[in-house]
Amino acid sequence: MSDAAAHARAEVVAAAQRLGMLGLNWGTAGNVGLRVSGGLLVTPSGVPAEELEPDLVVALRPDGTAPPGQPVPTSEWRLHSAVLAARPDIAAIVHTHSIEATAFACLRQPLPAVHYVVARAGVSEIPCARYATYGTQELADNVVDALDRGGACLIANHGVLTVGRSLDAAVALAADVEWLAAVYRRTLTVGEPVILPPDEIDRVAEQFTSYGQPGCGAGR
Ligand SMILES: [Zn+2]
């Protein structure tokens with residue numbers, strides 16, 4: 001195995017475990033995908049993040065088929081394969097069942113611009129993909145449709161998906177979406193939140209491109 005391939009596998013393990021540490025995934029819920037030379041890497045099916053090791057990460061061809069001799073890939077491998085095919089601008093995918101965002105997914109409601117941080121996803125509202133049974137091509141197609149050119153979507157009665165140019169970016173966005181959902185829910189318990197207009201989100205998105213320390217990718 002090349003150094004690059006080993007590094008990519010280690011990145012997938014680190015991202016899956018970071019989702020657990022952030023409280024965004026637990027047990028065997030959720031999965032991670034990363035574009036690599038010759039295809040993609042995905043987490044295996046049914047392995048808790050804390051038990052994940054680089055050798056258990058599954059290498060798939062671009063069409064999602066797996067060369068033999070590997071662990072069984074996540075049941076959502078079609079999702080990862082379809083999103084990477086539809087979005088040549090991104091390399092990493094994070095799928096979680098994080099509780100606050102999933103609650104709105106179960107209401108089949110988008111997350112509006114209740115806070116400017118929604119601009120991290122490059123959209124003024126985080127959409128909700130239509131429901132389909134988990135692991136199906138129909139679900140993968142629904143997510144591709146809902147995600148469009150954005151960075152995140154909810155998945156009806158299921159969870160959340162975020163994308164990024166790196167796994168660090170996709171994990172950070174998954175945390176942002178969860179935080180946004182938590183804030184939105186709290187506002188709904190005490191009143192009617194004020195939703196920011198799309199032109200303000202455009203301004204914020206522009207400012208994010210120069211936020212943070214030069215070269216740190218803080219704008220994501
Ligand atoms: Zn799921």
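Let me start with the lining of the second largest pocket: 11 nonpolar residues, 14 polar and two charged. Nonpolar here is Ala, Val, Leu, Ile, Met, Phe, Trp, Tyr, Cys and Pro; charged is Asp, Glu, Lys and Arg; the others, Gly among them, are polar. This is a predicted model, where local features need pLDDT of at least 70, side-chain atom pairs count only at pLDDT 80 or more, and totals for chains, interfaces and linings use all residues. Residues are numbered from 1 along each chain as its sequence is written, and side-chain values use heavy atoms, with hydrogens and water left out.

Back to the pocket. The second largest pocket holds about 330 Å³ of space. In total, 27 residues line it. Nearest its centre are Thr 28, Ala 29, Gly 30, Asn 31 and Pro 44. Two elements give two or more residues to this lining: helix 1 (3-21) and strand 1 (31-36). Helix 1 supplies the largest share, three residues. A pocket, on a 1 Å grid over the protein atoms alone, is an open set of points for a 1.4 Å probe, with protein on both sides within 12 Å along at least five of seven lines; lining residues have an atom within 4 Å of a point. Helices (H or I, at least four residues) and strands (E, at least two) are DSSP runs, numbered from the N terminus.

Next, helix 4, residues 137-147. Which of its residues are buried? Leu 139, Ala 140, Asn 142, Val 143, Ala 146 and Leu 147. They span an arc of only 165 degrees around the axis, so they sit on the same side of helix 4. That arc is taken from the directions from the helix axis to the C-beta atoms. Buried means under 20% relative accessible area, exposed over 50%, and partly exposed in between, with a 1.4 Å probe and protein chains only. What covers these buried residues? The cover includes helix 2 (77-86), strand 5 (128-129), strand 6 (152-155) and strand 7 (159-164).

Now backbone angles. Most residues other than glycine have a negative phi. Asn 157 lies in the loop between strand 6 and strand 7, and is partly exposed at 37% relative accessibility. Arg 108 has a positive phi of about 55 degrees. Arg 108 is in the loop between helix 3 and strand 5. Its relative accessible area is 49%, so Arg 108 is partly exposed.

His 115 is partly exposed, at 24%. What does His 115 touch, leaving aside neighbours within four places in sequence? Trp 179, Leu 180 and Leu 196. Contact means heavy atoms within 4.5 Å.

Last, aromatics. There are two aromatic pairs. Rings of Phe, Tyr and Trp (its six-membered ring) pair if their centres lie within 6.5 Å; planes under 30 degrees apart are stacked, over 60 edge-to-face, the rest tilted. One of the pairs is Tyr 116 with Phe 208: centres 6.1 Å apart, planes at 45 degrees, so tilted. Tyr 116 sits in the loop between helix 3 (99-107) and strand 5, Phe 208 in helix 6 (residues 198-208), so the pair ties together parts 92 residues apart in sequence. Tyr 116 is partly exposed at 43%. Phe 208 is buried, at 9%.

How values were computed: Points joined across faces, edges and corners; volume = space filled by probe spheres on them.
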